[in-house]
Amino acid sequence: MESFSGPGPSPFSAVQLIDFAEKSLLIEKLNSFEPDGGWRGPNKEALTQALETAVQEKPEIFIRIIPEFLAAQRPYQCGLINGFKKLWGATTEAKPLEWKKIWQALMDFWKKLFADENFWNEEPIDDEDMTPNRNWIPPLVAEFLQAGTRKDEHSYPAELLPLGLELI
């Protein structure tokens with residue numbers, strides 16, 4: 001008898017994803033990945049987790065390419081958002097970040113994403129692997145926006161409050 005837990009392996013490491021991002025190949029690589037369906041084979045959940053790790057390791061690269069994620073599949077949009085959300089919640093004293101710039105880029109991304117009627121008309125795909133879908137994004141954004149008003153060190157700037165309310 002054999003047991004296994006966790007998402008399994010990712011087809012790409014966080015380091016490889018960072019390299020793809022630097023070469024403007026990331027969205028193409030993410031969107032072209034198809035799991036083989038094997039029980040312990042590479043899957044989208046593991047790839048999404050690797051993306052979250054990549055965002056946390058090199059946020060400055062991902063800040064620049066946030067708009068490219070409008071073309072990414074929903075699991076990877078969730079991975080991008082979750083990566084920044086985890087980074088926001090982590091202690092970043094050793095690595096100060098330009099949170100004003102990050103908040104502006106994320107809010108612009110969310111506004112464009114939510115303005116697309118295709119986003120709202122899309123039929124969410126539920127699978128046995130619990131792969132993030134369209135329905136996961138609005139609550140994740142709402143949680144992030146709420147968190148962004150609760151910690152002064154890197155809350156979103158007052159000038160973005162109207163956009164935050166619009167998004168909610």
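The crossing of helices α5 and α8 is left-handed, a term used if the near helix is turned anticlockwise from the far one by less than a right angle, with right-handed for clockwise. The model is predicted: local features need pLDDT of at least 70, side-chain atom pairs count only at pLDDT 80 or more, and totals for chains, interfaces and linings use all residues. Residues are numbered from 1 along each chain as its sequence is written, and side-chain values use heavy atoms, with hydrogens and water left out.

**α5 and α8**
- Helix α5 packs against helix α8 (residues 137-147) at an angle of about 15 degrees, and their axes are 10 Å apart.
- α5 is therefore roughly parallel to α8 (under 35 degrees; over 145 is roughly antiparallel, 65 to 115 roughly perpendicular and the rest oblique).
- Axes here are lines fitted to C-alpha atoms, for helices over the stretch in contact, and angles run from 0 to 180 degrees between N-to-C directions.
- On the α5 side, R74, Q77, C78, I81, N82, F84, K85 and W88 meet I137, L140, V141, E143, F144 and A147 of α8 (contact means heavy atoms within 4.5 Å).
- The residues of this contact of α5 with α8 comprise nine nonpolar, two polar and three charged (Ala, Val, Leu, Ile, Met, Phe, Trp, Tyr, Cys and Pro count as nonpolar, Asp, Glu, Lys and Arg as charged, and the others, Gly among them, as polar).

**R74**
- R74 lies in α5, which spans residues 74-89.
- With a relative accessible area of 14%, R74 is buried (under 20% relative accessible area; exposed is over 50%, partly exposed in between, with a 1.4 Å probe and protein chains only).
- Its side chain makes a polar contact with the side chain of E122 at 2.7 Å (a pair of N or O atoms within 3.5 Å; within protein, one must be able to donate a hydrogen and the other to accept it, and residues adjacent in sequence count only if both atoms are side-chain atoms).
- Not counting residues up to four places away in sequence, R74 touches L113, F119, E122, P132, N133, R134 and I137.

**α1 and α3**
- Helix α1 (residues 14-22) packs on helix α3 (residues 44-57) at about 70 degrees, with axes 8 Å apart.
- α1 and α3 are therefore roughly perpendicular to each other, and their crossing is right-handed.

**Whole protein**
- The protein has nine helices and zero strands (DSSP runs numbered from the N terminus: helices are H or I, at least four residues, and strands E, at least two).
- Of its 168 residues, 44% count as buried.
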